[in-house]
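Q: Could you walk me through this model, with the cut-offs as we go?

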Amino acid sequence: MRTIILGPQRFTVRATSALRSLETSGPVAVINAGWEEREDDVGELDAALDHRMRGLRLYYRLTDVLRKDPDFAVAVTAFRGRQDELSGLYRIRLAHAMSGVYAVQRQIPLHPARARHSAAYRAMGDAIAGVRAIDDWYLREAQRLYQEMEVEGGVTTSEVIAWHRHELRELHNDCVAWVFPGGNIRTLMSVLRLFAISVPPEVPVIAWSAGAMAMTERIALFHDFGPEGATETELFDRGLGRVRDVVVFPHARRRLKMDDPGRLGILATRFESADCVLLDDGVVLDVGADGLLPDVARRVGADGLVRTGEDL
Amino acid sequence: MRGKLAINRLRERPDLSAEVVTQFVTKYASPIIEGQRATFLFRGEADEVFVRHRVVGLPDPLPMKRLTGTDLWAATVDLPAGSRVEYQLEVRRGEHYERFNDPLNQRVAHSPMGSSSVCAGQGYQVPDWTQPDPEARSGELVERHIKSKALRRDQRYLLYTPARFNTVLRYPLLIVHDGPEYVQFAAMKTVLDNLIHRLDIAPMIVAFVPPGDRLREYPNHAPHARFLARELLPELEAAYPLVEPPAGRCLMGSSFGGIASVSTAYRYPGVFGSLLIQSASLVFTDIGQDHGGGPYFDPVVKFVNKYRAKPTRFTDRMYMSCGIYEPLITPNRSMVSVFREAGITVKYEENRDGHNWDNWRDRLQAGLSWLYPGPQRYVYE
């Protein structure tokens with residue numbers, strides 16, 4: 001099982017060389033549903049993939065199902081409402097828990113030798129454990145909502161969905177590789193679930209940005225420079241899990257406060273035992289059969305500093 | 001050490017001829033912004049010249065002084081970085097007073113009351129998302145009418161639907177007091193198009209509702225509240241795919257429109273999940289009835305006093321903003337803690353501006369993105 005994780009492709013294109021490095025010939029299945037209405041604007045992408053692209057058009061298929069299956073459309077509306085409600089509750093709990101973590105962090109002595117043995121240091125560990133418990137609660141609840149949606153939306157009984165699933169199997173059956181570009185991760189995960197997409201383990205995958213997030217076990221949303229100001233990093237969903245023990249952060253330099261090691265350190269500690277890996281422009285991470293990242297990956301440490309495995 | 005101001009350098013010149021003054025005003029125009037100082041200029045014959053403004057903390061009228069031997073008048077004030085002030089000039093010639101925009105200043109702001117000159121302090125910039133962006137797809141703005149029993153009239157309003165509006169999706173709803181004014185003077189359609197395009201805010205449906213008799217209907221008026229909650233809202237819910245209430249229902253307004261939003265939500269608790277109020281006329285008294293706002297504020301003060309005596313959680317979330325140069329800053333600051341103690345989640349922002357439409361325009365991104373955030377947090381291209 002080979003997965004190549006790339007940094008954002010807008011300014012530094014690595015997808016072409018990554019695809020060529022697979023030394024395959026034949027069609028490449030592409031899931032760019034995260035582009036939503038722009039899903040069919042694939043001229044540049046197709047060229048970057050040596051014109052081997054076979055678009056699965058999952059966003060178009062989603063809108064087709066919504067149009068043709070009114071029961072599913074009603075269930076989706078209800079699901080979105082419940083999902084938004086859950087996210088709202090998660091953010092409330094997270095905001096309070098994280099403010100507790102930061103408050104305790106400010107009590108830790110500055111001197112490293114004293115810090116390790118301070119009561120505040122131990123208190124922070126416990127406070128972060130509280131945040132992890134909230135993260136776990138959210139993911140459990142989110143999975144429960146997905147299961148409810150599958151039943152209420154008739155996902156396994158809908159003829160329209162079954163038709164699309166069948167056509168998709170035919171479409172990607174002979175593909176020698178899969179590509180998952182970036183885009184809207186919420187939309188991407190919705191269509192992967194709806195059409196029961198699973199990539200055969202023996203088929204290599206190239207993924208970047210939102211696509212890379214979808215390859216991991218846990219997907220985190222983050223933006224320290226959004227219009228509403230810095231918001232706490234929040235878990236969103238479970239991914240396909242081809243890449244293990246990692247939470248990825250595409251566009252890290254553009255979206256994370258890299259000059260705040262205290263905040264970054266808490267982020268890294270919160271997601272232990274997974275590594276927080278930064279995916280900036282030009283990054284190429286070739287993940288082998290063990291699903292683990294190579295040493296060149298830039299990871300955030302518990303001290304908030306960024307290192308590669310080679311630095312250790 | 002601060003350098004000498006341009007006006008003082010001019011004052012010290014031995015050759016202060018009409019030609020030198022002409023060169024000076026041509027070079028600098030008005031006002032001259034030097035660090036955190038603003039110098040207003042006027043050129044012409046007069047007995048007295050004043051800068052007229054509504055900035056709390058600065059004297060109004062602000063007298064200008066004539067440079068000896070010239071027809072140039074000047075006044076210098078402190079202007080903290082990021083400030084934005086609207087003003088006019090007033091000239092007295094004998095018994096005759098005349099007010100007008102600064103002829104040496106091209107920057108003008110518009111409002112229903114007319115236009116004013118704009119003094120933008122160091123660091124202030126008109127946000128780029130308020131300007132038309134050819135990349136942003138345009139939403140649709142159409143005129144609608146509704147027969148209102150509550151208001152006993154045919155009520156006109158403007159309805160905004162976002163670009164790529166799709167009936168299989170669900171949209172939050174925003175109802176805007178002084179709606180056409182927000183479109184005309186706060187560029188709100190352009191702002192919506194741009195912020196939706198940038199993924200800063202969720203695509204939304206917006207009803208821009210104009211007032212009838214504004215001074216009577218906006219300050220805690222039962223028929224107005226009934227019209228919004230029991231007539232307009234059901235009509236929009238029936239016609240458009242809206243997200244679940246109350247989270248997807250927001251009332252918005254500035255000044256008296258702010259008090260109209262608060263009093264409507266108060267009369268129909270739980271119906272509107274959020275409010276966006278700007279420089280709201282939240283005037284109250286702690287003792288007695290002497291509020292100084294005139295008779296139009298009587299129902300406002302009565303309502304706010306009643307609310308302060310028994311605060312309730314009539315909505316979930318509230319974005320409040322106010323300019324620190326306007327008289328309403330103190331009541332707005334005071335009400336933040338009252339709303340919060342009632343259990344309402346409040347985001348409150350102040351800025352160095354006054355009671356005007358450009359101020360309200362400049363805060364739209366912060367308010368709308370907090371209440372109805374766009375998909376940016378989900379998008380990783």
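The chat below goes through the chains, their contact and some local features.

Q: What should I know before reading any numbers?
A: This is a predicted model, in which local features need pLDDT of at least 70, side-chain atom pairs count only at pLDDT 80 or more, and totals for chains, interfaces and linings use all residues. Residues are numbered from 1 along each chain as its sequence is written, while chains are lettered from A and ligands numbered from 1 in the order in which they are written.

Q: OK, how is chain A divided?
A: Chain A has domain 1 (3–60 + 174–311) and domain 2 (70–157), with bounds that come from an automatic or database domain assignment. The C-alpha centres of these two domains of chain A lie 22 Å apart.

Q: And how many residues of domain 1 of chain A are in contact with domain 2 of chain A?
A: On the domain 1 side there are 11 residues, in contact with 17 residues of domain 2 of chain A; two residues are in contact if their C-beta atoms, placed from the backbone, lie within 7 Å.

Q: Which elements give two or more residues to that domain 1 side?
A: Those elements are α8 (185–194), β8 (234–238) and α11 (261–270) of chain A, where helices (H or I, at least four residues) and strands (E, at least two) are DSSP runs numbered from the N terminus. By class, the domain 1 side that touches domain 2 of chain A has three nonpolar, two polar and six charged residues. Here Ala, Val, Leu, Ile, Met, Phe, Trp, Tyr, Cys and Pro count as nonpolar, Asp, Glu, Lys and Arg as charged, and the others, Gly among them, as polar.

Q: Switching to the inside: which residues touch the most other members of the largest nonpolar core?
A: In that core of 89 residues, they are Ile5(A), Ile185(A), Ile206(A) and Ala214(A). A nonpolar core is a set of buried Ala, Val, Leu, Ile, Met, Phe, Trp, Tyr and Cys residues joined through C-beta atoms within 7 Å. A residue is buried if 20 or more other C-beta atoms lie within 10 Å of its own, exposed if 12 or fewer, and partly exposed in between, with C-beta atoms placed from the backbone. The largest share of this core, seven residues, comes from helix α4 (residues 70–105) of chain A, and at least three residues come from each of domain 1 and domain 2 of chain A.

Q: What does Ala214(A) touch?
A: Leaving out residues up to four places away in sequence, the residues that Ala214(A) touches include Phe180(A), Ile185(A), Leu188(A) and Met189(A).

Q: Now chain B, how is that one assigned?
A: Its assignment gives domain 1 (6–120) and domain 2 (128–378) of chain B, with 36 Å between their centres taken over C-alpha atoms. In the contact between them, 14 residues of domain 1 of chain B meet 13 residues of domain 2 of chain B.

Q: How many residues does each chain bring to the contact between A and B?
A: Chain B brings 18 residues and chain A brings 27 residues. On the side of chain B that touches chain A, α11 (364–371) and β19 (379–380) of chain B each supply at least two residues, and α11(B) gives the most, with three residues. The residues on that side of chain B are nine nonpolar, three polar and six charged.

Q: In what sense do β5 of chain A and β19(B) pair?
A: Strand β5 (residues 183–184) of chain A and β19(B) pair in the antiparallel sense over two bridges, where two strands count as paired if DSSP finds at least two bridges between them. Tyr380(B) in β19(B) is the bridge partner of Gly183(A).

Q: What about helix α9 of chain B, which residues there are buried?
A: Asn332(B), Met335(B) and Phe339(B) are buried in α9(B), and the buried residues of this helix pack against β17 (317–323) and β18 (345–351) of chain B. After α9(B) comes Gly343(B), with a positive phi near 100 degrees.

Q: Why does α2 of chain B lie largely in the open?
A: Helix α2 (residues 18–28) of chain B lies largely in the open because, of its 11 residues, the number buried is one. Just after α2(B), Ala29(B) has a positive phi of about 55 degrees.
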